[in-house]
Amino acid sequence: MKAKRVTIQDIAEKSGYSKTAVSFAFNSPDRISKDAVEKILQTAKDLDYIPDPMARNFSLGRHMSIGFLLPQIFQESLQNPYTLSVIRAIGNICQSHGYMLTLVPPLHASVTEALKNATVDGIITMGLRIDKSIREVLRQRNLPIVSIDGLEDDEIPAVSIDDRAAGKLQLEKVLEKGHRRIAIITLAGSAFSDSSSDSIANRRLSGYRDALSEYNLSLDSITAVESEATYSDGVKRTHEILSESSPTCIVTMSDVVALGVIDEIRKKGLNPGQDISVMGFDGLEKEGFPCHGLSTIYQSAEEKGKKSAELLFSMIENPGYSPSPVKIGFEYIEGTTLSSEKEKL
C-alpha cells in the first residue's frame, strides 16, 4: 500500500503551529521567531517530510530553473563539444545560485512553442535571431533573456565576439600562408540562425570579404558550402569538396566540423597540414578537447556561458534592469594543420 505523503497540515498539527507559520519556516524564516523555525523544521524532519518543489516554487513565484535554448535538436547540439562547454559554464553559475539548468530544444521544430511551454525563470539562447514572434512570447511571459552570439539589441543583451573581425583574422592567416585555392565550410542558416544578413555565418563571411579585398580577391572565386555544426557534416562536406575540386586549404566556421574535415582528408590517404591545410574556429583544444593540433580562432566557451548566466541572474534579481552587451576577446591559435602553400611550390 502506498504510504501517505506528509503534508504541511501534518507538520502544523504535530508542531502546534499554523500552516502559515510552517510555510514561513521553509520559505521566509525571517518572518517568524527562530525558536518557531527550529521546532517546525525538527518536526518536519521527524515526519520525514519532503517539500513539494512545485508548491514551493509557486509560493516563491519562481520555477528556480534557467532555460538554455538549444541551437539545434538534442542530437546535434550535444555532439558539439563547444556547446557542451557553454552549457557546463552556465550550469556552474546556476548551481551557485541554487537554480537548475533546463535544456530547451525546439518543440515540434518551433522555438516559440518551446518558449511557451518552458517552466523557467529566464532564457539563454545561442546564436538565435530573436524575431518578432519570439519577442511576443517573451513579452507575454515576462521572461528575461540573454543571447549568446546574437546581435547587439536595445532590448536583449548579448554576449559575443566581433565575428566580422574574427572572420577577417581567420582568413588573413590562410592568405598569409599563400593559399588561394580555398574551400570554406560555413555554418548552415538553420543551425544557428536564419538566412538573414545578421546571421553568424554572414558576419564571418563579411570578415572573409574584408580579408580577400586586401589581396584583390573576391569571395566569388572561393568554393563555399553550408554545414551543420557537426562532425558528420564535416566529413560529408569534405567528401563533396574533394570530389569536385582540389583546394589547398579548407576553412571551417566550427572546430567540430574541422575534425570531420581532418578525418575525411586522412581517409583519402592525404595528410592534414601537409597535403591539405585545415583552419577551424572555436578553439576547442583550449577547452580541453583534443583537436589534432588544429589551427583555429579561439573564443572562450566558458566565458560566454559564465557571462551570459551572470547577466541573466542580474535581470532576474533586478526586474527592469537592462545590462549592456558584453564583448569577449578572440585570438588565433597556431597549430600544425595550416602550412605555407609557398613551401610546396
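**Figure 1. Ile8, Gln9, Ile11 and Ala12 of helix α1 meet Lys19, Val22 and Phe26 of helix α2.** Contact here means heavy atoms within 4.5 Å. The residues of this contact comprise five nonpolar, one polar and one charged; Ala, Val, Leu, Ile, Met, Phe, Trp, Tyr, Cys and Pro count as nonpolar, Asp, Glu, Lys and Arg as charged, and the others, Gly among them, as polar. The model is predicted, with local features requiring pLDDT of at least 70 and side-chain atom pairs counted only at pLDDT 80 or more, while totals for chains, interfaces and linings use all residues. Residues are numbered from 1 along each chain as its sequence is written, and side-chain values use heavy atoms, with hydrogens and water left out. Helix α1 spans residues 8-15 and helix α2 residues 19-27; their axes come within 9 Å and cross at roughly 110°. Axes are lines fitted to C-alpha atoms, for helices over the stretch in contact, and angles run from 0 to 180 degrees between N-to-C directions. Helices α1 and α2 are therefore roughly perpendicular to each other, given that angles under 35 degrees count as roughly parallel, over 145 as roughly antiparallel, 65 to 115 as roughly perpendicular and the rest as oblique.

**Figure 2. The protein contains 14 helices and 12 strands.** Helices (H or I, at least four residues) and strands (E, at least two) are DSSP runs, numbered from the N terminus. Of the 345 residues in the protein, 50% are buried; buried means under 20% relative accessible area, exposed over 50%, and partly exposed in between (1.4 Å probe, protein chains only). Among contacts between residues at least 6 apart in sequence, 70% join residues at least 24 apart.

**Figure 3. Four strands form an open sheet in the order β7-β6-β8-β9, with parallel pairing.** The edge strands are β7 and β9 (277-279), each of which pairs on one side only. From one strand to the next, the twist averages 20°. Two strands pair if DSSP finds at least two bridges between them. Strands of a sheet pair through backbone hydrogen bonds, either parallel or antiparallel. Strand β6 (residues 182-187) is mostly covered, with six of its six residues buried. Five bridges join β6 to strand β7 (residues 223-227) in the parallel sense, and Ile184 stands opposite Ala224 in β7. Strand β6 also pairs in the parallel sense with strand β8 (residues 249-252), over four bridges; there, Ile185 stands opposite Thr252. The parallel pairing of β8 and β9 runs over three bridges, with Cys249 opposite Ser277 in β9.

**Figure 4. Helix α9 lies across β6, β8 and β9.** The direction of helix α9 is at about 175° to that of β8. Helix α11 also packs on the sheet, touching β6 and β8, and makes about 150° with the direction of β6.

**Figure 5. Helix α9 (residues 163-176) packs against helix α11 (residues 200-213).** The angle between these helices is about 45°, and their axes are 7 Å apart. Helices α9 and α11 are therefore oblique to each other. Their crossing is right-handed: a crossing is left-handed if the near helix is turned anticlockwise from the far one by less than a right angle, and right-handed if clockwise. On the α9 side, the contact is made by Asp163, Arg164, Gly167, Lys168, Gln170, Leu171, Glu172 and Leu175; on the α11 side, by Ile200, Arg203, Arg204, Ser206, Gly207, Tyr208, Asp210, Ala211 and Leu212. These residues divide into six nonpolar, four polar and seven charged.

**Figure 6. Arg204 lies in helix α11.** Its relative accessibility is 2%, so Arg204 counts as buried. Apart from neighbours within four places in sequence, Arg204 is in contact with Asp163, Gly167, Leu187, Met253, Phe281 and Gln299.

**Figure 7. Lys39 belongs to helix α3 (residues 34-46).** With a relative accessible area of 43%, Lys39 is partly exposed. Ser15 and Tyr17 are in contact with Lys39, neighbours within four places in sequence being left aside. From C-alpha to C-alpha, Lys39 and Ala25 are 9.4 Å apart in space, and they are 14 residues apart in sequence.

**Figure 8. Asn271 is found in the loop between α13 (255-267) and β9.** Asn271 counts as partly exposed, at 38% relative accessibility. Neighbours within four places in sequence aside, Asn271 is in contact with Ile265 and Ile276. Asn271 and Thr337 are 66 residues apart in sequence, with a C-alpha to C-alpha separation of 9.0 Å.
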